[in-house]
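Thanks for passing this one along for a look. Please open the sequence and the coordinates side by side before reading on.

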Amino acid sequence: GLSFVGLSAAFSPSAIPSLRPSNQILAGLPRRRGGTASLVTMSDAAAVLKQQRASWQQTMLRIKDPVKSVEFYRDVMGMTLIDKLEFPDMTFDLYFLTTLPDGETYSHTPGSDAAHKYLWTMGGSTLELTHNYGTENDSAFKYHAGNEDKDGFGHVAFNCDDVYASCEKLEAKGIA
């Protein structure tokens, strides 16, 4: 779906008060009525986002087990968990990870107001892991790996100095 300042159009801004899109951004969007919802066309959104210098902020992957997934991206791939948003009424949580620039440290607690502010104002991009409650306990549940016929998704890429050495390190940890 279309997102503005990290909020999917499927969410009501009132669901996340600290993350409401600013009136400055929304003021430039002409509203059109369609049924009971206001609609914004892609060209309307593009015009405003161009003024706001929109840039890539995140890629979302659905995950089965948040403990294992966060551990993998943090401990194996060297990413930092910078924020967590919980939506218990909608039975899912979001985990945001990034690769910090060399020499930068991160001291905010994921889920805190400081972490939220950092997430939505940082200059880089994040990997958003979406966990739907209960999937971690369902042995039959799985998301597609992206390599099956008509999956539509292939991979997430990481830069490294030596791809062969990096692959050897991953294989030594049992990751193929």
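This is a predicted model: local features need pLDDT of at least 70, side-chain atom pairs count only at pLDDT 80 or more; totals for chains, interfaces and linings use all residues.

1. D161 has a relative accessibility of 86%, so it counts as exposed.

2. How many aromatic pairs does a search of the whole structure find? The search gives five. Among them is Y106 with Y118: the ring centres are 4.9 Å apart and the planes stand at 65 degrees, which makes the pair edge-to-face. For that label, the angle has to be over 60 degrees.

3. This pair also links separate parts of the chain. Y106 belongs to the loop between strand 7 (92-98) and helix 4 (113-121), while Y118 is in helix 4, so the contact ties together parts 12 residues apart in sequence. Are the two partners buried or exposed? Y106 is buried at 17% relative accessibility, and Y118 is buried at 18%; the cut-off for buried is under 20%.

4. A further pair to check is F141 with Y143. Their ring centres lie 4.8 Å apart with the planes at 90 degrees, so this pair is edge-to-face. Here F141 is partly exposed, with 26% relative accessibility, and Y143 is partly exposed too, at 28%.

Notes. Residues are numbered from 1 along each chain as its sequence is written. Side-chain values use heavy atoms; hydrogens and water are left out. Buried means under 20% relative accessible area, exposed over 50%, partly exposed in between (1.4 Å probe, protein chains only). Rings of Phe, Tyr and Trp (its six-membered ring) pair if their centres lie within 6.5 Å; planes under 30 degrees apart count as stacked, over 60 as edge-to-face and the rest as tilted. Helices (H or I, at least four residues) and strands (E, at least two) are DSSP runs, numbered from the N terminus.
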